[in-house]
Structure formats: C-alpha cells, structure tokens
Amino acid sequence: VQLQASGGGSVQAGGSLRLSCRTSGLNLRVSSVDWYRQSAGSQREVVAQITGDGSAHYANSALGRFTISRDYARKMVYLAMDSLQPEDTGTYYCHNQFRGTDFWGQGTLVTVSS
C-alpha cells in the first residue's frame, strides 16, 4: 500500500483547499481511507474517514466544512475543505490500516492565516 498526499497550501481564513491522496495497492471499494491532521505540538487527529461502502465520517471540528470523497477509477481520495480557520493549520496525512498495519502518506502542509 502506498499513499501520496498533495494539495496543501496557504490560505486566508474563510478560504478553501482540496487535498488529494493518490493510492496504490488498495481496493477503495473495500478499504477505508482517513485524513488526519497534526498541528504543532499536538498528536495526529482524524478529521475525516471514508469507508469501503462509501460512508463518510467527520470529526466535530470538520462537520459542515469538510467533505471527503473518492474516485475509484483514479484511485484517489479527496478532502475538500471550506471555511478554513487558523485552527485548521497543520500537516494533513492520508492513512489506511490494512491487516493491522498502518500506512501513511508523506503529509501536506495547510496554513490558514487570520
């Protein structure tokens, strides 16, 4: 399994970004993929998950602002982030757990200025 995240950048508060996670070695129809965020001095926390059956789950902080989606043909998972706030700043990672092993993308940095 390999994951490659991209799409981070610097935006002002209220702006939007769309993160992309390119996957390989995964069947997105049966595998869950998560997006995690790690802010300075904090542990990684999950912000969104999409399961094999297409169900989406969000952290309270992401509800109503973030949308996770996937494209089977392109083997991509996306995280659309709207109404970004400074507290959304951090490095975002896509993640998959397969047979007890955690796989992480390299992370993409999101910086939101006030």
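Here we go through the aromatic pairs and the charges over rings.

Modeller: Happy to! This is a predicted model, where local features need pLDDT of at least 70, side-chain atom pairs count only at pLDDT 80 or more, and totals for chains, interfaces and linings use all residues. Residues are numbered from 1 along each chain as its sequence is written, and side-chain values use heavy atoms, leaving out hydrogens and water.

Colleague: How many aromatic pairs does a search of the whole structure find?

Modeller: Rings of Phe, Tyr and Trp (its six-membered ring) pair if their centres lie within 6.5 Å; planes under 30 degrees apart are stacked, over 60 edge-to-face, the rest tilted. The search finds two pairs.

Colleague: Is Trp104 buried, partly exposed or exposed?

Modeller: Buried means under 20% relative accessible area, exposed over 50%, and partly exposed in between (1.4 Å probe, protein chains only). Trp104 is partly exposed at 34%, whereas Tyr36 is buried at 19% and Tyr93 is buried at 12%.

Colleague: Which residue lies over the face of Trp104?

Modeller: A charge sits over a ring if NZ of Lys or CZ of Arg is within 6 Å of the ring centre and within 35 degrees of the ring normal. Arg44 lies over the face of Trp104, 4.5 Å from the ring centre. Arg29 lies over the face of Tyr72, at 3.9 Å.
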